[in-house]
Amino acid sequence: MRFFKRNNIFIFLLLLFVEGAYSQLYFTKNYSTVDGLPNNSIYSVFKDSRGILWIGTENGVSSIKNGVIQNFNQEDGFAYNNCWSIVEDRNHNLWFGSFGGGLTFYDGKHFKIINTKKGLINDKVRKLFVNNNTLYVGTVNGLATIDITTFKITNYCENSKVGKFQVMDFFEYKSNMYFGTNIDGIWKIDSKSKKIKFITYDYPIFSIYKDKDSLVIAKGGLINDAINKISLESLINKRKSSKYFGYGVYWSFAKDKRNNLYGVSNAINFSIGGVLKFDADKSIGLNELFGIESTQSWSLFYDKINDLLYVGTLDKGLYEIHLKNEIEHFPPEYFKQSKIEINAIEKILDKTCLLTNKGLYLIKADKINHYTSINDFFNFANNYHSKSVNLFEFPFYKEFHKRKINELELRILKKYDNSLWVSSTIGLFKLNDNGKITEYYPIFTGVFDFNNNKNLIYQEPYRTICSLSDYQRNSLSIPYPLVNKNNPSDIFQIISTNYNTYYLSRYSGLFSFVNGKFSSYYHNGIWNEKELLKATLNEKGNLIIANTFGDIFIVDDRGKFKIVKKISRSNIIGNTISFLSTYKDFLLIGTEKGLNIYKDDEVRLIDGEQGLNTKNINCGYVDGDNLLIGSSNGLFKIDLKKILFPKKRNNNIDVSDIQINSKKIKSNNFNWFKYNSSKLQLKYYQNNISIDLSPYGFQYPNKLLYSYKLLGISKSNWSEWSNLSKINFPYLPDGEYQLMVKVKDLNSGNVKEFKVLKIKITQPFWKTWWFISYCLLTIVVFGIIIYKRRIEYVTKKEQEKGVIQKRLAETKMEALQSQMNPHFIFNAMNSIQNFIIDNNIDEALMYMGEFSKLIRQTLNHSSKQRISLADEIQYLQTYIHLENMRFKDAIDFKFTISQTLDTYEVTLPPMLIQPFVENVFVHAFDSNSVNPTLEILFRQTDNLLLCEIKDNGKGMIIDNLNKLYASKGIKLVEERIKLIQKNNSDPIIIKSTQCKGTTVLLIIQLV
């Protein structure tokens, strides 16, 4: 019996292996310590509502966002380093359960620990479950519930049959919560009475999965005894179920949107474990299909949005399986080969034909229908002469039949007349639609095709193009010599449109064949491209040609040959074009970087990120809605509908990190690894900014290109596309900016523009309005102060200068007066002397009396700057009277004063008029003068005092006038007036004629 069980297990495992072997593989990624995980033992996996993947390991918790791994442990605030369960509550906060440290609550910013010290029933947490506002915590010895708002803890525990009341899993049914224990059965939680109620017990429980109205309970066991599927009604009513299937111990379950149920096992009591799918109550091992190398699987999570299945293992890290399987992979193992090169693909009837370095494969319904090995080709060629004509008559056959099998290469595959044609290094083979070789032709060719006359057109390597109508005899071969430049050489491909047949040359450009003649487009000046590589046709019938440089040309050959559009190689990702094809209005281009999908100047790239994990694409073939790609890593089948028309996603760009002057800003500015504001305000000296971008909602973040510009800077242009998500702004000047980011998704081909962040760098204080205002105010105040001080200083200086000038003027005037007084005294003494000489004592005494009176007035006036006009008139009267005594009172004089002139108010410098009166007595009259008359007139005009001194003396000729004008007394008067009245440029006007006397007009400015 034991042998039978063992053999049954062996047969079962063998069937599992056969089920998975030799079939296409799902695209799977593996995350391990090599990629940055802290440990390869994965106990829990969870993806939250923000799209962040959380991984609980033996040595901490890891988050993966946009392919970037970030690790957390006790040093960061976690309760314990391991993590066995992760859930998200209705407030979108996370709870982490550890086996030994209790719970960790995380709100996106801070960690909070809840353990036995805080009231938790036990620190060894196995399972967490959230329902409404309550977190259910299953531990190795009891149950705890926590209100996620108040953090109030309620503990439940019962006596166990084996010592520990170990809670393994939870489920909800009709608004009631239930949990399963390892040994003590299934219980119901009564939240009102705060009690638990036993429901049923039949077997050990390791995990529970609710599948609609049924439960899938992992109980552990041998074949067809590990899982019990029971309806919830039967369970609640304690009715047993006889539905058992599977084998081993399952720790976690998940169901995809195709209704496939998966489970994981770590093979505790069995020699095998891993991922299994349950189909019709049977388990099918998927490790081989999913490419999972570990049999120690423990945790499972299904991402419905992205159709991803995550498998956590205890020894190989985390596996991410792409269940949508847009790209199916048929590896070399599928062909029962360790290595394989697929060089050409054709379709004949319902079979896909693959020409490889190992032979020809015919595939039907994803299974190998027929295989013609390279040995079959070699043997058929060697044996063909026995049942056909003498092949030694053919050129080159003597060389062909000497070649060894390792020298045979299969090169080109074509379908013609429901037959397959294969060229090789030993000749041309014809096969039927079942892949059986029927004919062999010793024709050595690098490229061949058939024309409308069913002639074989082929090129001998490095030689001419030939046309052959009889495949079995070479006598009808027509060569086209290379002497004629219109005949093609180095042909790489032959292709026909609705209007022409074209020959692509690697070095000579494009050729066409019309009416039995070739024509060179290059030599005839039609098209200057010389180095052509690939060609295909689109759905409109246009010819599409690629050159060796990577440029692609769309040609309309209806009528005149015309280039409709040129696609520059800069728009294609990759340097070497390996195949060219079309699907609907998409252009499919294979390069060393992957598959380029081009449409309307948008390019998408399909590569290893999506599952096209090969660097050597050899060929491509569009089969309905599928694209078949042959490579050095087997065959890839791409579902073009799924790839080209993906579902629309809500995506955005977040700021995940900001560094200011090479220092990270505080962590409390971030929430769930993104900057929690749309604005960034900095000081003027915080102008070295580094910003890390984090895309959200993009299926393949590693396939994104970024371009940015900063609005607010003059001549701001978009940057070049780059795969770097870090942006640096060194020495940004003060101002307000808007960071704009464009994201090009190479997976979808879409380009989106985002407003990411507003940046405000405040002005330095010396540029602020208040500082400028303060400076201006200070300048104005200081200016006013300085101005006033300057005015005061200038005024003081002017006053001092005025005082000095005044004193100088007074001193000079006094000096002038002192010069005038001796002159007058000299004349007066001279007159007294004359009186004494003439013995006229009485006259002399009288004269002396008047003279002393005049001297007294002169002395009084000499100490004053100005005197009244009345005093001046009185002084002049005394002087005239004194001088007239010398003339025996012969001179008649009078003063005429204008009635409007107030002689007491008007002032003038003293002794200003006396010199002119003196000149009258000295020069105007002599003993011959008849009725001498002197008249002095005073009148006022505006601010001027006009004094007119008139006599009827003998007058003066010009010379005498000059003498008069040059006399010392008049010069002294003129100098005095100019000293005190600078604006009085012409104060003295003298008019004199002979016999009519002299008139002196003295102009004095009134003060």
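Mentor: Happy to. Let's start with Glu 326 and Lys 324, whose side chains meet in a salt bridge at 3.8 Å, N to O. The term salt bridge stands for a side-chain nitrogen of Lys or Arg within 4 Å of a carboxyl oxygen of Asp or Glu. Glu 326 and Lys 324 are both buried, where buried means under 20% relative accessible area, exposed means over 50%, and partly exposed is in between, with a 1.4 Å probe and protein chains only.

A word on the ground rules. This is a predicted model, in which local features need pLDDT of at least 70 and side-chain atom pairs count only at pLDDT 80 or more, while totals for chains, interfaces and linings use all residues. Residues are numbered from 1 along each chain as its sequence is written, and side-chain values use heavy atoms, with hydrogens and water left out.

In total, the structure holds 28 salt bridges. Another one links Glu 233 and Lys 174, with 3.1 Å from N to O. Because Glu 233 lies in helix 2 (residues 232–236) and Lys 174 in the loop between strand 14 (167–173) and strand 15 (176–181), this pair ties together parts that are 59 residues apart in sequence. Helices (H or I, at least four residues) and strands (E, at least two) are DSSP runs, numbered from the N terminus. Lys 174 is exposed at 57% relative accessible area, whereas Glu 233 is partly exposed at 35%.

Then there is Arg 939, which forms a salt bridge with Glu 948; their closest N and O atoms are 3.4 Å apart. With a relative accessibility of 36%, Arg 939 counts as partly exposed.

Asp 942 is found in the loop between strand 70 (933–941) and strand 71 (944–951). Its phi is near 55°, a positive value in a residue other than glycine, and Asp 942 is exposed at 70% relative accessibility. Asn 418 also has a phi near 55°; its place is in the loop between strand 34 (410–416) and strand 35 (419–424), and at 52% Asn 418 counts as exposed.

Asp 281 sits in the loop between strand 24 (274–279) and strand 25 (282–285) and is partly exposed, at 28%. Leaving aside neighbours within four places in sequence, Asp 281 is in contact (heavy atoms within 4.5 Å) with Lys 243 and Phe 245. Between Asp 281 and Phe 245, the C-alpha atoms are 5.9 Å apart in space, while the residues are 36 apart in sequence.

Four strands form an open sheet in the order 50-51-52-53, with antiparallel pairing; two strands pair if DSSP finds at least two bridges between them. Strand 50 (577–583) and strand 53 (602–606) are the edge strands, each pairing on one side only. Strand 50 is joined to strand 51 (residues 586–591) by 6 bridges, and Tyr 583 stands opposite Phe 586 in strand 51.
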